[in-house]
Structure formats: structure tokens, C-alpha cells
Amino acid sequence: MNRQNVLSVSVTDSIGVLGRVAGLFSRRGYNIKSLNVAETEKPGISRMTIVSQGEEGEIEQLVKQLRKLYDVSEVKILHDAVCREHIILQVGNSPVSRHAIIKTANLFRAKVVNVGESSLMLELTGEPEKIDSFISLLKPYTITKLVRTGISALERE
Amino acid sequence: MRTLTGADIICECLIEQGVDTVFGYPGGAVLNIYDSLYAYSDKINHIITAHEQGASHAADGYSRATGRTGVVIATSGPGATNLVTGIATAYMDSVPMVAITGNVACSLLGLDSFQEVDITGITMPITKHNFIVKDVTKLADTIREAFYIAASGRKGPVLVDVPKDITIQKAEFFNKPVKPCTAEPCINADDAIARAAELIKQSEKPFLYTGGGIYGDEGAKALKRLADITDAPVASSLMGQGCYDQTDEKYIGMLGMHGTKAAAQAVKDCDLFIAIGARFSDRVIGDPKTFARNARIIHIDIDPAEINKNIKVYHQIIGDSTEIMKRLIKLLPRQNHGEWLSYLKQQDKIYSARQKGTEQFPLTPRTLIETLDELTGGEALIATEVGQAQMWAAQYYRYKHPHQLITSGGLGTMGYGLGAAIGAKCGCPDRTVVNIAGDGSFHMNLNELVTLSKHNIPVVELVVNNNVLGMVRQWQRLFYGKRFSQTTLERPTDYVKLAGAFGIRAFVIDSEENCREILKEALEMAKTAPVLIEARIDKDINVLPMVPAGKSVDEPILEIEIDD
């Protein structure tokens, strides 16, 4: 079955580690929908959250290949996890649309972080589906810039 | 504790790891390392090749022949990139190797400095791991770790890149005991082995398929006992040639694109397919949908990532193959499958590849290699280049020991053999070493003949000359309407004169009659000096049987008609 998988990968924070992981994906033909990496509570260890689409066999292979990398200390496929994504976007700001945009933002508990003459900048953190619907509701107001972090996730205990 | 330069630390670490021979080529960024090698020359023997690629293949051949980790040293930039083919070759065949490259000083890194190249970036996908050392205090432990990674688990090459300033900076050095490369423990091995034993007991037509993941006398002995107790026929992949004594009656030949009819039949008819230390290369399985369709497959391998990669298996055991075989044997009562074996043996009586010479070139490669086998008692280390001659070497020499055939199976590197033979001979000076080359591959790295003569490395370079790129020609004949594009070489090379120019005695074999006599003379001479033999054969002798790429292993091509 082809589906989306969220992988949590612990890596040593060493030279070229991102290249090693990304290189593995590209040379073996696995896909990356999003990749998010930063330091963790442990010094010298970073955690990557990788979202990858693939058949069951492909994901099994991907996990095994990742485990063979010297810098990788742990690979987990997350099943029951808290997944969050952060987005910052800029939409057109006109007297006509301003009210509607702010109303939509409030509905999603997004924050207005900058108000310009011709644009509004908003930020929002939430589950990826929530982010998707937020974007689609704002589309009619002309999104001029958008950045999203990709999923970061932690397994529930 | 002593305070040493980075270069001296490298030499000390090599000695600590038991290294007494290294292959390499000096240059600007490794001047300090070579200055140390000069001082350590009584402990470390350095062989300079004609080209860094030759040195990388030599380190690889040394490793395959001895079972120890091979070491190659090269300078930055082009020196480092010249190692790439050799490293990739070692990676594909899981050969333990440590490559040490120099680089420009740390302050010049990233500035497109003279002879600077990002060799750790370049070799990322073809090494088990690589390092760049930017702190001299970490140099010793990094080299130690490189050796550990190379030889532990599934073996492979590791590269350590050392900027020039690191090799002259000083750090405190003290020896540490070598970390043993013990095999990783089997995961749930007891249950998995018991389950495998049950499957073997139930099987009526078991078949053992063995690969390069069986090592040394101990591995060979365990395999022999397993084959005896299960009374199962054995076939080997190209990489597994010799892990089972090929003169034994249970051996039914190589499996794969140019494997025997008996082995192909065994794949088709077996009810239990047991793969040991083999990775189901596309050159072995052909069409994955029809491969071993009547069988359950048990896969025994040290690398979990090989399980279900190319072929879905029924059962798996992860771990060291020798250890698993030994434990498996204990659970098995003696089986009897005599009928199954004689049925398969019959297949090779029905079909055995015939080769015919011509009036101009009466010698066949089969005669040549079978004669070589006879004259060397099947005990020579055989290196090969890649192509038809490689396949004939695999088909007609009868190997008796694991990794006795030193060949580039995974990457298929033309130009590999001569360097590899140099390494093999340096590692095993008491054994006869023959490199079986085609004329195409020979021309790729023939410069290493000078390494043979300069260091007096008594290798037999056997050039099987058919004046064409035979394997590609064979494909062009079968699949490209006999349009022999760029494969009719017919080069004017005078092999005897060429060898003579390098200071090597050469011979020509051009008939079935003088084959034995000349081989004998050459082998005698090769006890003390390198020799070259040109064996002339016809350009249209094909490698058979042949399973076309991606086709079912069940139905190999057995004859190719030559009507042009």
C-alpha cells in the first residue's frame, strides 16, 4: 500500500550528515515530502523528521538502509505521534479583504505578525491537515509568499 | 606517550592495525605522510603503482587474497579522484579497504585551491563511511575507527581525508588495543535457525546457493558440513566461487547469467532455496517474478538490508554466515537426496557448453583455462578483468577456497585485474597468481606492467586476445542485429614487444598443441619473475549458457549460431 510515513531519525551532529541522509534518498530513489532537522536535548545528537511516501516494502528498505549509515543511531517509523508544522505566509492586504483575512486567521488561531500597506503576514502552527486547509481558505486573497517547515513529530508514550 | 606529527601518527596507527604493506602514489598534499613512510620503511612496505587506480585495485586484491584490510594512500585532487573506481569496486563487492587521501591545508579548504577536491563528498555513496580530519588530536582514533568500520559486519571501504597541515601538526600518541571486529550477534537467531532446520527437514529438493559472504577455511568447512548433512546440491554466485570445493560431486556450478544448466534447473525445480552470504544480484535472478517459483527461500546474510531487497524471501536469518551454518548443522539429522542430485548432474551431461576454434585460431578458452587449472592444481589465486575472459575464468577453473577468484563482480570494472593481482601477490607471495584478462580490459590499465617488473612481483598476466570487446560484441550479435559498433578493436599491439619494453618476458599461445607446453614454461618462470602470455583465440567464441538480462533463469540460451 502506498502511503505517507513519518520517520524519526536520530543522527550524530557531524560534518556532512545531512548530505549522507539526503544522498541515500536520492541514490536509492526514495522520495522526501518534507525533512526537518535540528538539535535535541542530547548534545551532539540531532533529530530528523522525514516524511516519505512509498510502498510498504520501500519503506522497510529505506529504514534498513538508514540504519546502515554510520551517523544514524536510531530510526523509527512513527505511528502514534504528535505531528506539527509551522507556516509563515504573506497575503494581499486591501481594505476590502483585510477583515475577512483576519477573521479566517482567528478561526485557525493564526497570528498576524506583520502588517504592511499592501500585505499581511500570518503565522500558524498545527497539524499538517490544518495548515493545508488554512492555505486553501486564504488562496482567494492572493498569497504572495509562503514558507512551511515540514513536519516535526514526537511519538506518544 | 609520545608527541608525534599527524603523519607519524598515521604510520603508527597502521602498524598498530597490523598493516605491513600499503599501496599508493605520492604527491603534494601527502608529502608529510611520505616523509614518515620513508622513516618507517623498515616496518611498512610501500608499493608505488603507475597510477592511483592501480593502487586502489591492489589494496582491494590484497584484501581479498589475505582477508586483511587493504590500505591505499593518494594525494589530494586527481590523486583522490583516481581512487574512485577502485573504491566503488570494493564497495560493490564488500571488500574491506582503508583509503587515506591528503587534502589541502584546512585554511585552503573550500577555496578551490590547487589540487583541492571534496573527496568525502565524492565518495559518500561508495564508502561505508568517510571522514575528514580537521583536528590532529582526533586523527589516531579516526584511523582506528576507519579500520573497525571497514572490517566489521558487512565489510567495505572507508576513506579518511587528511588536510596537509594536520599531517605536520603534533599530538600526543599512545597505542591502544585493536578493537576486535567480531561479527554482529544474530537477531533472534535461535528461533530463526530452528525454523530453518524445520524447513530443511521438510524439504525434498533443497538447494544451497552460496556467495561472497562465506569467508576463510572456517566458512568453507562449515558449508561443506552443511552440504553433507543436508545432502543438497551447491551452486555459487560469481563472488562465491571456491567457497565450496568445485571438484566435489555436490557442486553443480555457477548460478546466474552465465551459470550452468544444472544450476538453472535447480533454481527451477528446488522446493527450498537456501541463500548463504549472497545478495540476489540482478545478474543472478534474471526475472524476479519467475525466480525459484516453486521454492521457499531462506536467506542467510549479515546485512538486514539485503533481506527482501531484490527477492521476497520466506524466511531469514541475520548474522555471520559461518556462525549460523555451524549452529544449523547441530539441529539437523542427516538427509538423503541422492536422486535429486543425480537428476541435476544429468542436466550437465545433456548440456555442456561446446567451444570451437577456427583454422586460424584453433585454441579455445576452455582448453586454455582447464589446462591452467590442471597445471596449477586448482590452487592458484585467479584475478580477472571483466567480460568474456572473466566468465571463462569463472566457468572453467575449479576453485577450492573462498575468494580464490578475485574479480569485480558488482561494479564490473574493466582494468581491475592487473592491480588486484599485484595486491594478491604482495599479500600471498607463496601462491601462484594469474590475472586472466581480455585484450580490451588489458589496455585499460596495462601501465601496471611496470609495477610488476619494477618491484619484481611474479604475476602471470594471461591476455586472452580475441581482438574484440567480446562480451559487448556478444550482446550486439544477439540483441543489436550484429551491428558491431566500436567493438572490433583489432589493435596493432605487439604484446611480446610491449612486455619486453617493460622488462617482462612474454609468450604466445596460438594452438591447442602448444598451450600446455607454453603455460608450463611460463608458470615455471613466474616462480621468480613476472610473465605475460598472449593467448590468441577467435573473436566469435561466445560465453554460454547465457540468460538475457531480466529473463527467466530457467531458460538460458545454450547455442548461438555464427552465420556471418
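This is a predicted model: local features need pLDDT of at least 70, side-chain atom pairs count only at pLDDT 80 or more; totals for chains, interfaces and linings use all residues.
Chain A has 157 residues, and 18% of them are buried. Its secondary structure consists of four helices and nine strands. Along the sequence these elements come in the pattern β-α-β-β-α-β-β-α-β-β-α-β-β. Taken along the principal axes, the C-alpha atoms of the chain occupy a box of roughly 55 × 35 × 35 Å. Of the contacts in chain A with a separation of 6 or more, 72% join residues 24 or more positions apart.

The chain splits into two parts: domain 1 covers residues 3-79 and domain 2 covers residues 82-155. Their C-alpha centres are 28 Å apart. Across the boundary, nine residues of domain 1 of chain A are in contact with seven residues of domain 2 of chain A. On the side of domain 1 that touches domain 2, the elements that give two or more residues are the strands β1 (3-12), β2 (34-39), β3 (45-54) and β4 (72-78) of chain A. The most comes from β2(A), with three residues. By class, this side of domain 1 has four nonpolar residues, four polar residues and one charged residue.

The contact between the chains involves 13 residues from chain A and eleven residues from chain B. Here the elements of chain A that give two or more residues are helices, namely α1 (17-28) and α2 (56-68). Helix α2(A) gives the most to the side of chain A that touches chain B, with six residues. The side of chain A that touches chain B is made up of two nonpolar, six polar and five charged residues.

In chain B, one place to begin is an open sheet of six strands, in the order β3-β2-β4-β5-β7-β6, with parallel pairing. Strands of a sheet pair through backbone hydrogen bonds, and the pairing can be parallel or antiparallel. The edges of this sheet are formed by β3 (45-48) and β6 (129-132) of chain B, each of which pairs on one side only. Direction ignored, neighbouring strands of the sheet are turned by 20° against each other on average. I132(B) stands opposite D161(B), a residue of β7(B).

Two helices of chain B show which elements cover buried residues. In α2 (residues 31-39) of chain B, the residues N32(B), I33(B), S36(B) and L37(B) are buried. These four lie on the same side of α2(B), because they cover an arc of only 145° around the axis. An α-helix has 3.6 residues a turn, so residues three or four places apart point the same way. The elements covering the buried residues of α2(B) include β1 (2-5), α1 (6-16), β3, β4 (70-74), β5 (97-103) and α8 (164-168) of chain B. Among these elements, β3, β4 and β5 of chain B are strands of the six-stranded sheet.

The other helix is α13 (residues 321-330) of chain B, in which S321(B), T322(B), I324(B), M325(B), R327(B) and L328(B) are buried. The buried residues of α13(B) pack against the helices α9 (189-202) and α10 (216-230) and the strands β12 (272-276), β13 (296-301) and β14 (315-318) of chain B.

Conventions. Residues are numbered from 1 along each chain as its sequence is written. Chains are lettered from A and ligands numbered from 1 in the order in which they are written. Domain bounds come from an automatic or database domain assignment. Two residues are in contact if their C-beta atoms, placed from the backbone, lie within 7 Å. Ala, Val, Leu, Ile, Met, Phe, Trp, Tyr, Cys and Pro count as nonpolar, Asp, Glu, Lys and Arg as charged, and the others, Gly among them, as polar. A residue is buried if 20 or more other C-beta atoms lie within 10 Å of its own, exposed if 12 or fewer, and partly exposed in between; C-beta atoms are placed from the backbone. Two strands pair if DSSP finds at least two bridges between them. Axes are lines fitted to C-alpha atoms, for helices over the stretch in contact, and angles run from 0 to 180 degrees between N-to-C directions. The arc is that of the directions from the helix axis to the C-beta atoms.
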